[in-house]
Amino acid sequence: MTATVAAAPVSSFAAALSERYGDDDLATDGVWNETLATLLGHRSVRSYLPDPLPKGWLETIVAAAQSAPTSSNSQAWSVVAVEEPEQKSRLASLAGEQAHVRAAPLLLVFVADLSRAARLATAQNSPLEGADYLEAFLIAALDAALAAQNAVVAAESLGLGTCYLGALRNHPEAVAREIGLPPRAAAVFGLTVGFPDATAPAAIKPRLPQEAVLHRGRYGLGAEQRAVSRHDRASVAFRASQGLDSTPWSALAVDRLRSVAALKGRHTLGASLRALGFPIV
């Protein structure tokens, strides 16, 4: 049944905005429905029950993923569903020993996949020169990202929790071997999926105020400093609620890119992609 758009119940919409931005002093005009409630209520879940997904749920989530937009209908992505505990454990080791990869009953590995087009070109005795350029890899990676976000919304609408896993890019060639990828295919990220453990609930992490990200007509800097300062206060309060230190978001954002070491091995991604069959001219 499709949810209908209606005027926002002020308390529900206001509560959602307050949680998403970590700020009670927000305008409450807007619209509200079940889809928006799912989107605004997103949180990264890292504590899962061991229960597997019911029969048919994986296929439903993938159908939702395949319903996402795709560049020129190229559908240049694939997904590998990993459920076997030992294989999940090996992938967890490649992704920095993240415990939730082992705990989740399902790990979805989203793949930028130009190999399908390459096989079709071979069957048609056709060149595929365009696949050698950065644009082709971007098409495949963006197609995978759009599909994955649809999968997240579908999973969360079913009461499941999810968490993206960019650390699979720490060792892209090893990941490719583990899941048997052909040339011209690369894992761009993973997604853990499962029923959240209610004894370790995940919280909604605040986001930057819209003044920092929403520009009308032209990119502007006038409101950025004030918006970042507001977000730093909200992020420090959030971190305190989670038992974390008081480092503000602005410092964390810079630390993530401060040095090559912060990339955790991903500074060699270009070379790895070339080894996996993406020349990226």
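The legends below describe close-up views of a predicted model.

Local features need pLDDT of at least 70 and side-chain atom pairs count only at pLDDT 80 or more, while totals for chains, interfaces and linings use all residues. Residues are numbered from 1 along each chain as its sequence is written, and side-chain values use heavy atoms, with hydrogens and water left out.

**View A. Strand β4 (residues 106–113) and its burial.** Eight of the eight residues of β4 are buried (under 20% relative accessible area; exposed is over 50% and partly exposed in between, with a 1.4 Å probe and protein chains only). In a regular strand the side chains alternate between the two faces of the sheet. One side of β4 carries Leu 106, Leu 108, Phe 110 and Ala 112, the other Leu 107, Val 109, Val 111 and Asp 113. Strands (E, at least two residues) and helices (H or I, at least four) are DSSP runs, numbered from the N terminus.

**View B. The strand partners of β4.** Strand β3 (residues 77–82) pairs with β4 in the antiparallel sense over six bridges; strands count as paired if DSSP finds at least two bridges between them. Strand β6 (residues 185–194) is also antiparallel to β4, over eight bridges. Val 111 of β4 stands opposite Ser 78, and its bridge partner in β6 is Ala 187.

**View C. Aromatic pairs.** Six aromatic pairs are found in the structure, a pair being rings of Phe, Tyr or Trp (its six-membered ring) with centres within 6.5 Å; planes under 30 degrees apart are stacked, over 60 edge-to-face and the rest tilted. The ring centres of Phe 137 and Phe 278 are 5.3 Å apart and the planes at 80 degrees, so this pair is edge-to-face. Phe 137 lies in helix α7 (residues 134–157) and Phe 278 in the segment after α12 (269–275), 141 residues apart. Both Phe 137 and Phe 278 are buried. Trp 77, Phe 110, Tyr 164 and Phe 189 form one aromatic cluster.

**View D. Helix α4 (residues 85–94).** The buried residues of α4 are Gln 87, Lys 88, Leu 91, Ala 92 and Leu 94. Down the axis of α4 these buried residues fall within an arc of 155 degrees, so they line one face of the helix; the arc is that of the directions from the helix axis to the C-beta atoms. Exposed Pro 85 and Glu 86 are on the face of α4 turned away from its buried side.
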